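Please look at the sequence and the structure before reading on.

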Amino acid sequence: MYVLMKAVNDYIIIEKIKEQKTTSGGLLLTDDTDTDNRYKKAKVVSVGDLAKIIKVNSVVMYDMHAGHDIDVLGVMYRVIKLRDIVLVDEDNS
């Protein structure tokens, strides 16, 4: 079953990109254990009509404290506002 989601107004639906980093001591940091980095990377799934400067499939960095999660058919998405995006990765847009 296919579910079509469309963000409205200045809301943006994103899918988190899980990154794993290694410390200089060789410890593996997941998104859950990386508390030093306030900003997280995500792929844009849907853009509201008031957030036209962001494009679908763009890779963005957003404030990790922003928005809320939503489960659609077992896939977890996050809903944030345009103002929560701090940068757009031009190489992946």
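## Ser-46 and its surroundings

A polar atom of the Ser-46 side chain lies 2.8 Å from the backbone nitrogen of Ala-7. Ser-46 touches Met-5, Lys-6, Ala-7, Ile-12, Ile-13 and Val-56, not counting residues up to four places away in sequence; contact means heavy atoms within 4.5 Å. Ser-46 is buried, with a relative accessible area of 3% (buried means under 20%, with a 1.4 Å probe and protein chains only).

## Basis of the model

This is a predicted model, in which local features need pLDDT of at least 70 and side-chain atom pairs count only at pLDDT 80 or more, while totals for chains, interfaces and linings use all residues. Residues are numbered from 1 along each chain as its sequence is written, and side-chain values use heavy atoms, leaving out hydrogens and water.

## The sheet

Ser-46 belongs to strand E4, residues 39-47 (strands are DSSP runs of at least two residues, numbered from the N terminus). The open sheet has 6 strands in the order E6-E7-E1-E4-E5-E8, with antiparallel pairing; two strands pair if DSSP finds at least two bridges between them. Strand E6 (68-72) and strand E8 (85-89) are the edge strands, each pairing on one side only.

## Pairing around E1 and E7

Strand E1 (residues 11-16) pairs with E4 over 5 bridges and with strand E7 (residues 75-81) over 4 bridges. Ile-12 has Val-47 as its bridge partner in E4 and stands opposite Ile-80 in E7.

E6 and E7 are joined by 5 bridges, one partner pair being Val-72 and Val-75. These two strands form a hairpin with 2 residues between them, and Leu-73 in the turn has a positive phi of about 55°.

Methods
Buried means under 20% relative accessible area, exposed over 50%, partly exposed in between (1.4 Å probe, protein chains only). A polar contact is a pair of N or O atoms within 3.5 Å; within protein, one must be able to donate a hydrogen and the other to accept it, and residues adjacent in sequence count only if both atoms are side-chain atoms.
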